[in-house]
Amino acid sequence: MNAIEFRKVTKKFGGFTANRDLSFTVKKGSIHGLIGENGAGKSTAMKVLFGIHPADSGEILIEDRVVRITNPVHAMRMGIGMVHQHFMLAGPETVLDNIILGHEPGRVFVGRARAEAELRAIAKTYGLDFDRWDRPVSELSVGEQQRVEILKLLYQKSKVLILDEPTAVLTPQEVKDLFGNLVRLKEEGKTIILISHKLKEVLGYCDEITVIRRGETVGSRKASETDDSELARMMVGRDVSFTYQGERKVFANMSDAKPVVRVSRLSITSTTEPLREVSFELKPGEILGVAGVQGNGQSTLLRALSHPSLHAKNWSGEYLLNGRDQSGSDPIVLRNAGVGLVPEDRLSEGLLLNQDMTENFLLGQHEDPRYSKGGFLLRTKARAVTESKIKEFDIRPPYPTVWTGRMSGGNQQKLVIARALDPGPSVLYVAHPTRGVDVGAIEKIHDAIVQERNRGKAILLFSSELDELMDLCDRMLVFYNGGIRAEFARPDFDPWAIGRVMGGGDR
Amino acid sequence: MLETLFSNWILPTLRVSTPLIFAALGGMWCERSGVIQIGLEGIMLVGAFFAAVVTHSTQSPWWGLVAGMLAGLMLSLGYGFTVLKLKANQIVSGTAFNLFAMGIPPFLSMIWFDSTGSTPVIPGESLFRSAPLFLMGAVVIASAILYHHTKFGLRIRFAGEHPKALESSGISVRGKRWQGIALSGLLAGLGGATLSIYLASSFSRNMSSGRGFIALAAVILGRWLPLQTVTACLLFGLTELAQIRLQGVVLWGDQAVPVQWIQILPYLITILVLALAMGRTRAPKGLGGGE
Amino acid sequence: MKNSEKLRIPQSALSFLRSVAGAAGGLAIGLMICTIAGESPGKVLTVLVNSSFGSGYDFGMTLFYTSYFILTGLAVAIPFKSGLFNIGGEGQLTIGALAAAWAGVAGAGIESHALAILFATLAAFIAGGIWGAIPGYLKARRGSHEVITTIMMNFIAAGVTSYFTLYALKDPDSSQAETIPLSTVFQLKPFAVFNGAPMGGLIIALAVMTCVLHLVLRNSVWGYRLKATGENETAASTFGIAAPASWLSSMFVAGGIAGLTGLVEVLGNSHRFKIGFSSDYGFVGIAVALVARGNILGILPSAFLFGVLQKGAGSLDLETDKVTRDLTYIIQGLIILGVASDGIWDWFSSIWRKRNA
C-alpha cells in the first residue's frame, strides 16, 4: 500500500512555480528520500502535503484515497507529522509539556502522570532512549531536542513522519543515532519522508529516493539500484556537478610570500560554539577554504576574525593582519586595515532590508573619507558609486533607490560582495557566498571571488557546500569540534576523505 | 508581640497589596499569552471609578466589584481589538488606553455628580470589611493552580513563549491571547475596585496613582510566575505601608525621613533588579510579537 | 519585547494620509462622545478652535503648549530612529525643569541675560539628558527593556523633584509646593502681540532646532548610525556600528530635549518649578511623534495640533456645562489609537471583500 501519493501537484507563488506536476509515491513502512538542490522545491512539496501551502492543482492521496489538506491541523489528523528545520519547542518549558501540548490527556488539568506513562511506553516501543521528561528543553542537546520532536509526532499518533533536513544541525554521532531511530520506526510500521540534499545519507538509509529539480520530479530510484553519481546527475541535470570554468592565475613562489593573516593558537571558549587552539596562515593570491559540519567552530572563527572586540573577554591567542595585532579591533578598524567582509547570513547580518541600495552600500563605509566628511555623509557621491557597482555586478533591478528587502537573494548577495570589495581590501572573509542564491548568480559570484584571488587578494572562504570549496579553493581547512582537524591542498581534494574528517574520522 | 506584628504590619501589608496583587496577576496572564499589558494603570482607574459609582447607587459592594470587573473587561477588550485585530503596536496602544482611561472618570463624574473626578462618599456599612482579602487569597491560589497544572495554563504559556508551536498543535494563539487580555481586564478591574470600595470609601481623582505600573513591575520582578509575582506585590505593598508609617518619623539626625525617598523605592528596586539580574528576568519569547 | 521591528514606520504619501485620517477619526469620535454629556460636538469643536485662535493671547497660549509638545514629541521621535521607545519624556522633562529652576538659584550672581539663559539651558539639557541616558545605558549594558525602565524613571523623577521642591529648593515665602523664584535675568520675555501669553522668541528657536535636527539626523554619520541600529541591530554591529552607542546617544539627546521644557515652563512661564506643572505632556509626546510618523519635521504640525487641543480644552470648563478639560485625555488617547491602528484599513478592506464575495 502507498502511504502518500502525489499526482501532478502544482504550487505557484505569484509568478514563480515552486512545484510543477510533481508526481511520486511513498510506500507504507518505508524510508523515502526526497532530494534536490537548494531551492529545487522539496520543502514546498512537503509544505503542500502538510497543508501549510495548499496545492493549486493536482491530487494528493493518503493510503490510496484522494484527500484535500488545507491546514496543518487537518494534516495531523490524517496522521501526517513534520519535524521542521527550526524546532517547534519552547526552551523554558519541560520536555513533557512540549510533547503533549494541544493533546493533553486531562479534561481540565494537564494529566501529566498519564501522559508520562503513555510516553514511556511509546519510547520503549520505538526504542527511543529517552528519560528526561521534566527537564526544560533548553537544557537538551540539539540531537535530544530532535528526538523530542519525533516523540511529539509519535504521541500524536502520526503514521507518516516528514523530516526536513534533519542532519543539518547534528554532530556525526547524533546523525548516526537519528538514523538508527528512524530504521526502528520503520520496522514498527511508520513511514518516513526524509528531505535532504546529502546523497550519502539518503543512499545509506532510504529505501527509495525521489529526485526533484526546479520543482519537477526527475524520477524515483530504489536505493539499492542507484549510486551517488546517478543521483547527482539527476539533481543537477548534467553529468558533473557545476565547476568553475574561469582562469586560475598561477603565482610563483607562493611559499615565500608573506602571509596577510596569521592566526596562532586562537581560542574562544565559553560560547556555544567554541574555538580551540586554531592556527593558520593566509597568503596573498590564495583562497583558503574553511570546511566542516555546521557548529564545529567555523562561525566563531569568522566572528572572531571580523569582530574581535566582541570576543575580547574570552580571547586567547594571536591574530595578526599584515603583521599588526588586531586582537581587540572593531570592524571599522579592520576595514581600514584592509578587511572586506561578506557575513554568514546576509539578511540578518548584512543588510538593512527597509533601506535602499545606497544606504546599504554605506553600511560599514559610513566613516570612509570618500563617503563622509566632517561627520556628515556624502550621499550624492555614495549614490554615484552605488550606481557604478550596480552596473559592474549586474545587480537587478538596476536602481540605487530600490529597497534591498525587495531584491532576490542573488542580487542582495552581489550588493554585499560589491560593498566588501569597494575599498580595495587586501583580505576577504567570505561566508556562504551562494547560500540561497539562484543558479545564474552563483556563476557571477564565484567569478568575482576568483578574480579577486587572481589580483593577489587573500581570501578566507567559509562554506557548507563541499563542492563549492573544492571548486574554488587552493587549500582547505577542515574543522571539527572547534579545531582544525586536517588540511587539504589542491589538487588533492578527495571528497570522501574530507567528509570523513568532517565527521571526526581520519583521512 | 506576634499579635501586634500581625495587626500593625502583616494585615495592613496584605490590605494595601490587594489591589496590586489582583492587577499584577491579570498582567501576568496577559503577558504570558504574549501581549504586553502597559494598560493596567488605566484599567485599574476605570475599575475603581465604576466600582465606587455602582456601590454608591446600589449600596452593595458586591455589585460594585462586578461593575469594576466589567468596566475593566470592556477596556481590555477594546485594547485587544486594537492590538489583535488592528495590529496596533502594543506599547503605543496601551499608552493610548491609559490616557483615554484617565479622561473617563472626570468626564462621567461631571455628568453624574457634577464633580471633576470624584464620587460621593459611600457609607461605611456599604463597604467591604475583609471579603476582598479572602477573594485575593482565592485568586492567588487559583492562578497558581491554573498556571502550573491545567491545560489552560499550559496553552497560554505557549501562546507567549512559542506561538508557532501552539498553532502547529492545532490551537488558536489568538484565542489564548484574547483570554489573557480578558483576564487582565477582569483582574485589574477587580484590583481597581478594591482601591475605591475596600481601601477607601469613594473614588478620588487619579486614584490608581501609578499602581498599575507597580503591578507591571511586580510581574517582571516575579519573572512572570504567579507566586513570585505575588511576593513582589507584597514587597511593594510593604514599602507603601512604610511610606505611610514613616511619615514624620525621625530615624537619624534631626530631620524626618523625606517621604519621597520611600515613595520611589518600588521603582528603584525594579530598576536595580532589572539592571543586576540581567538574563534572569527573561520575558516570554513571543511577548509583543505577532502570532 | 522586540519593538524595533514594529516601530519602523513607512513614510509614503499614503501612510501620511492614513495618519491624518486616523488622527481625524480619533478626534471625531472624541467629539461625538460629548453627546453623552449633552453637548453638541459642533459646539465643543467651536470652543476648541475659538479658544485657540480667538485672540493674540489665545494664540500665544496655543504656541506655548505647542512648544511643550515639540520638545516631548522629539524626545519620542529621536530614540524611535534607533529602535527605542522612550516613554520617559515625562520624567525627563520634570528633571530638566527642576534643573532650570536650580540654575536660577545656583546662578543667582549671573548678571548677563544671555549667560543666564545659556546656563539654565545647559543645566536643563544635561539633567534631562542624564535622566534619559540612564535607561539608555541600562538597555545598552544590561539589556533592560527601555519601556519598563523609562516608566520607572518617570516615577523616580516625580519623587526626586518633589523632594527638591519641598526641601532643598523650597521657596520659604510661599505656602505652595514651589521653588525659589528666578531673578529677572533668567526670565524669557514674551512677545507683546501675545498680550501676556508666556510665549516669545523661544517658539522660533524650537522650530529652527527641529529643522536642524531633521537635517542632522538625515545627513550625519550619527543619524546614519541610529538608523542602522534601529533597522537591524545585528547587521549594524557586524559592520562596526555598536548598538549601545546609538542607544545611549539617542536617549541622551532625547532626554536633553525633553529637559528643555524647563525653558518653556520655568524660564518662560512660571519662573519657578511647581510640582505637577506638566499635565502628562511627556505622554502626549508619544501621540505627537506617532501622528508625525516619526518624521522629525512632521513633529512641528503635529505638536501644533496637540497645542490647539490643549489650549482649547482649557476653555471647556467655562464654556460648556458638562464637558471639562479632561476631555483632552480621551481625545488624545483616541487620536493615538486612530493613528496606531493602521491595520484598520486592512481590516476594513477584508470586511469589504467578504461582503462582496
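How many residues of strand β13 (residues 287-291) of chain A are buried? Five of the five are, so the strand is largely enclosed by the rest of the structure. The views below start there.

A quick note on the model: it is predicted, so local features need pLDDT of at least 70 and side-chain atom pairs count only at pLDDT 80 or more, while totals for chains, interfaces and linings use all residues. Residues are numbered from 1 along each chain as its sequence is written, with chains lettered from A and ligands numbered from 1 in the order in which they are written.

View 1. Helices (H or I, at least four residues) and strands (E, at least two) are DSSP runs, numbered from the N terminus. β13(A) runs parallel to β20(A) (residues 458-462), joined by four bridges, and Gly289(A) sits opposite Leu461(A) there. Four bridges also tie β13(A) to β21(A) (residues 475-480), again in parallel, with Ala291(A) facing Val478(A).

**View 2. A six-stranded open sheet in chain A.** The strand order is β6-β7-β8-β3-β9-β10, with mixed pairing (strands pair if DSSP finds at least two bridges between them). β6(A) (80-83) and β10(A) (216-222) are the edges, each pairing on one side only. Neighbours in this sheet are turned by 20° against each other on average, direction ignored. Further in, β3(A) (residues 31-35) and β9(A) (residues 208-213) run parallel through four bridges, and Ile35(A) stands opposite Val211(A). Helix α1(A) (residues 42-49) packs on the sheet, touching β3, β6, β7, β8 and β9 of chain A, and its direction makes about 145° with that of β8(A). Helix α5(A) (residues 142-155) lies across β6 and β7 of chain A, at about 170° to β6(A).

**View 3. Where chain B meets chain C.** Here 43 residues of chain B are in contact with 41 residues of chain C (contact means C-beta atoms, placed from the backbone, within 7 Å). α4(B) gives the largest share of chain B's side, 15 residues. That side divides into 28 nonpolar, 13 polar and two charged residues (nonpolar: Ala, Val, Leu, Ile, Met, Phe, Trp, Tyr, Cys and Pro; charged: Asp, Glu, Lys and Arg; polar: the others, Gly among them).

**View 4. Helix α9(B), tucked away.** Eleven of the eleven residues of α9(B) are buried, so this helix is largely enclosed by the rest of the structure. Its cover includes α1, α2, α8, α10 and α12 of chain B together with α7 (146-168) of chain C. Arg223(B), with a positive phi near 50°, follows α9(B).

**View 5. Two crossing helices in chain C.** α3(C) (residues 41-53) and α4(C) (residues 56-81) pack at about 95°, with axes 5 Å apart (axes are lines fitted to C-alpha atoms, for helices over the stretch in contact, and angles run from 0 to 180 degrees between N-to-C directions). The two helices are therefore roughly perpendicular (65 to 115 degrees; under 35 is roughly parallel, over 145 roughly antiparallel, the rest oblique). Ser51(C), Ser52(C) and Phe53(C) of α3(C) meet Asp58(C), Phe59(C) and Thr62(C) of α4(C).

Conventions: Contact = placed C-beta atoms within 7 Å. Buried ≥ 20, exposed ≤ 12 C-beta atoms within 10 Å, placed from the backbone.
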